[in-house]
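Subject: Structure for your files, with notes

Hello,

Please find the structure below. My notes on it follow.

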Amino acid sequence: MPPLALIATICALSFLVQRSGRLVLLVACGLLVILTLGYWRQTIETAALVLVSAGFSILVGVPLGIVAAHRPWLYTLLRPFLDLMQTIPTFVYLIPALMLFGLGLVPGVVATIIFALPAPIRLTYLGIRGVPAPLREAGLAFGASPLALLLKVELPHARPAIVAGATECIMLSLSMVVIAALVGAQGLGEPVVRALNTVNIAQGFEAGLAIVILAIVLDRLLRRTRRDRSGEEP
């Protein structure tokens, strides 16, 4: 798809999602800056890697967090591993992935999935565990099955925490995808690594600016804003 057509599509999608003209203007200006800097191809590659990696992490993390919230022994078993995964330096994730898969795109994606996985697990767990007991008791009193209780009571109440976990997962994936360029992953990490090797400050600043713009666009698109009747954001 031509860059301008893709930018128009993303702007239309952002308006449908958030209903904000200012957001559309922000997204359009940011993407046009990236296009002007000449990092459009790398930005699309980075966005694709982030969406794939974060998608797998959310697909595994949210159900695992739900199960852990209903099975305390499972969260007790997972907690040390989650703590370890969140304290290990990011570069360490690249070593086993590099040993198993070699240089290229695959080790970067695998390392990114593992690095971003704890966020949706923890926040989904906290969201489900934070459902007030009276809500659960009311659902059980009306004869709700465990599945109906989950779908109609627990998940709607825990939705803000789950969305926050998904957003944090995407931001973590973006940071890791850039570092994964050290093992041959494509995207905006390549010009950053090249700028570090050649001490090219201008190139590093431009690539870093493109990464910041992409992070802002993804964050604003995924942020759920609810307006009250007066039209003010809470």
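A residue is called buried here when its relative accessible area is under 20%, exposed when that is over 50%, and partly exposed in between (1.4 Å probe, protein chains only). By that rule Arg122, at 16% relative accessibility, is buried.

This is a predicted model, in which local features need pLDDT of at least 70, side-chain atom pairs count only at pLDDT 80 or more, and totals for chains, interfaces and linings use all residues. Residues are numbered from 1 along each chain as its sequence is written, and side-chain values use heavy atoms, with hydrogens and water left out.

Salt bridges

The structure holds three salt bridges, a salt bridge being a side-chain nitrogen of Lys or Arg within 4 Å of a carboxyl oxygen of Asp or Glu. Helices in these notes are DSSP runs (H or I, at least four residues), numbered from the N terminus.

Arg122 pairs with Asp83, with 2.2 Å between the closest N and O atoms. Because Arg122 lies in helix H7 (residues 118-129) and Asp83 in helix H4 (residues 72-87), this pair ties together parts that are 39 residues apart in sequence. Asp83 is partly exposed, with 34% relative accessibility.

Glu154 and Arg136 form another salt bridge, their closest N and O atoms being 2.9 Å apart. Glu154 belongs to helix H9 (residues 146-179) and Arg136 to helix H8 (residues 133-141), so the pair ties together parts that are 18 residues apart in sequence. Glu154 is buried at 2% relative accessible area, while Arg136 is partly exposed at 22%.

Glu45 and Arg41 also form a salt bridge, with a distance of 2.7 Å between the closest N and O atoms. These two residues are four apart in helix H3, so about one helical turn separates them. Glu45 has a relative accessible area of 18% and is buried; Arg41, at 48% relative accessibility, is partly exposed.

Helix H6 and its surroundings

Helix H6 (residues 105-116) has 12 residues. From its first C-alpha to its last it reaches 17 Å, close to the 16 Å expected at 1.5 Å a residue; the expected span is 1.5 Å times one less than the number of residues. The buried residues of H6 are Pro107, Gly108, Val109, Ala111, Thr112, Phe115 and Ala116. Among the elements that cover them are H3, helix H5 (90-101), H7 and H9.

Ser57 sits in helix H3 (residues 40-70) and is buried at 0% relative accessibility. Leaving aside neighbours within four places in sequence, Ser57 is in contact (heavy atoms within 4.5 Å) with Thr112, Ile113, Ala116, Leu117, Pro120 and Cys169.

Pro118 is in helix H7 and is buried, with a relative accessible area of 1%. Apart from neighbours within four places in sequence, Pro118 has contacts with Leu82, Met85 and Gln86. The C-alpha atoms of Pro118 and Val178, 60 residues apart along the chain, are 19 Å from each other.

Gln203 and Arg194

Gln203, in helix H11, is buried at 15% relative accessibility. Not counting residues up to four places away in sequence, Gln203 touches Tyr39, Pro191, Arg194, Ala195 and Thr198. Arg194 is in helix H10 (residues 189-198) and is partly exposed at 42% relative accessibility. Between the C-alpha atoms of Arg194 and Leu182, 12 residues apart along the chain, the distance is 9.9 Å.

The largest pocket

The largest pocket has a volume of about 350 Å³. Of the 14 residues that line this pocket, those closest to its centre are Ile10, Ala47, Leu51, Leu218 and Leu221. The elements giving two or more residues to the lining are helix H1 (3-18), H3 and helix H11 (201-222). By class, the lining has 13 nonpolar residues, one polar and no charged.

For the terms: on a 1 Å grid over the protein atoms alone, a pocket is an open set of points where a 1.4 Å probe fits, with protein on both sides within 12 Å along at least five of seven lines, and lining residues have an atom within 4 Å of a point. Grid points are joined across faces, edges and corners, and the volume is the space filled by probe spheres set on the points. Ala, Val, Leu, Ile, Met, Phe, Trp, Tyr, Cys and Pro count as nonpolar, Asp, Glu, Lys and Arg as charged, and the others, Gly among them, as polar.

Regards
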